[in-house]
Amino acid sequence: MAERAIVVGAGVGGLSAAITLAADGYDVVVVEAAPTLGGKAGTLVLDGVEVDTGPSVLTMPDVFDELLRLAGTSLADEVALISPDPAFRYVWPDGIAVDLHVSVERTLASVGAALGDDARRQLEAWLTYAGRIWAAAEPRFVRGPAPSPWAMLSPSALTDLLAIDPLRTMEGAVRARVTDPRLRDVLLRYATYAGSDPRRAPATLHCISHVELALGGFGVRGGIGALVAALVRAAERVGVTLRTGSPVRRVLVEEGRAVGVALDEGELRADVVVSNAEVAHLHQALLGRTDVPRPTSTSGWTAIVSARTQERAAHTVLFPADYDQEFVDLFDRARVPVDPTVYVCAQRAAHGRGTWDDGTEPLFVMVNAPPDDGSATDWGALEALVLRRLRSAGLAGDEARVRWRRTPVELGVRFPGSLGALYGPAHDGPLAAMKRAGNRVRGVRGLYVASGSAHPGGGLPLAALSGRAAAAAAREDRR
């Protein structure tokens, strides 16, 4: 008789763990509190048009191809990827704009045309630097098990540690290598992909720029929701049972071992339990522990804006006049930036999403905000400011209106334990990767974590790898 595994939560990490465990011979049941699947990679139907309300770029698609192949299919068989052109457009208040492309050569040419030959040469050298970080970080810090200080004592590990440049901050590395102020803005923004402060986050995180600029950021035909649907089909294909509307009240622990979960309708027993919940929620609500670390990565005010259908870049970033001040506001003053950066995903250009009958299309809009914010923020004023910024940049006209919005407080309610933080703990200091929760829960045998707030981190591919890592830990412990 097959051993049973219970996965708590059907986000990308939970679905990844479920597929991997089922392919490894477990009888897997996924219990999800919400009525829908996908977690933060959510979708919503607004007036007949489906839109994404979470992640908007797919990087490292090979991670999902490897996962789907465990279920006897492939990424190419399940979804169609889109290479939007241009992929990103960065715009400053003085009207200067830079387009970035899936092709590195075209990106370098675009930067040279907009910012000059010095900026082009600096970006080319930067990508070599970021590529070295990725080459060292990927096997050890991304695809490998959760790192520990002891594991870094071997000669090869120490060599990799030097290559990932952990003793400098992201800001320090940028200022040492790049003089163009606008190129600096672009590169510092990658800290926000991990919800972190570039003044404190290790330069190791600059591998993110290599992943997006050199390896490519893609769209998915039909939206990120189509990728989630492919994972659901794969899970069902390998026999996973998916139960929605089933909140878990606690993890059952007997003699130091997880033996199942308690639901409203009774107990569900298992040999292995994997939590796809926020790490803080697992420890506090499901295990009853009190020493729970507070999530510290950024949150965001997000919205779906309908605007006239026109040609747009798939992703547009509207920078403020002083981008450095954004990090002061977010991390030093714990407030929404006074003059925020506005991110826009044109879902038709990025993912081939549909349009409304009135000739408008959905734009996903995001402004970074601190976690658990809301008491002193005038969200109506922020919404009006965002609409003004969209109109002044030519991305929308007077017809634009907000059809859906979500504050950090509402995000925190939707994902208990997160306080609205999008990525769990922020990356702070040279040992940030080793401070993140591992995929095993200390003190409870048979309990594992597959979450963007655990190793290796947040974002679509890393959440999927967290699921794979949790399943691998269960397999290793069973042996």
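Which residue forms a salt bridge with R200? The views below, taken from a predicted model, begin with this pair.

**View 1. A salt bridge between D332 and R200.** D332 is the partner of R200, and their closest N and O atoms are 3.2 Å apart. The pair links distant parts of the chain, 132 residues apart. D332 belongs to helix α12 (residues 324-332), while R200 sits in the loop between α8 (181-188) and α9 (207-215). D332 is partly exposed, with a relative accessible area of 42%. R200 also counts as partly exposed, at 36% relative accessibility.

**View 2. A salt bridge between D52 and R353.** The side chains of these residues meet at 2.8 Å, N to O. D52 lies in strand β4 (residues 49-52), and R353 in the loop between α13 (347-351) and β17 (360-369). The two are 301 residues apart, and the pair links distant parts of the chain. D52 has a relative accessible area of 2% and is therefore buried, the cut-off being under 20%. R353 is buried too, at 6% relative accessibility.

View 3. E171 is partly exposed, with a relative accessible area of 21%. R175, with a value of 36%, is partly exposed as well. The structure as a whole holds 38 salt bridges.

**View 4. An open sheet of five strands.** The strands follow the order β9-β2-β1-β13-β19, and their pairing is parallel. At the edges are β9 (241-243) and β19 (447-449), each of which pairs on one side only. Neighbouring strands are turned by 20° against each other on average, direction ignored. Strand β2 (residues 27-31) and β9 pair in the parallel sense over three bridges. Here V31 stands opposite R243 in β9.

**View 5. Helix α17 on the sheet.** Helix α17 (residues 460-478) packs on the sheet and touches β13 (272-275) and β19. The direction of the helix makes about 155° with that of β19. L465 is found in helix α17. At 9% relative accessibility, L465 counts as buried. Leaving aside neighbours within four places in sequence, L465 is in contact with M60, V63, V142, R143 and P456.

Note on methods. Residues are numbered from 1 along each chain as its sequence is written. This is a predicted model: local features need pLDDT of at least 70, side-chain atom pairs count only at pLDDT 80 or more; totals for chains, interfaces and linings use all residues. Side-chain values use heavy atoms; hydrogens and water are left out. Two strands pair if DSSP finds at least two bridges between them. Helices (H or I, at least four residues) and strands (E, at least two) are DSSP runs, numbered from the N terminus. Axes are lines fitted to C-alpha atoms, for helices over the stretch in contact, and angles run from 0 to 180 degrees between N-to-C directions. Contact means heavy atoms within 4.5 Å. Buried means under 20% relative accessible area, exposed over 50%, partly exposed in between (1.4 Å probe, protein chains only). A salt bridge is a side-chain nitrogen of Lys or Arg within 4 Å of a carboxyl oxygen of Asp or Glu.
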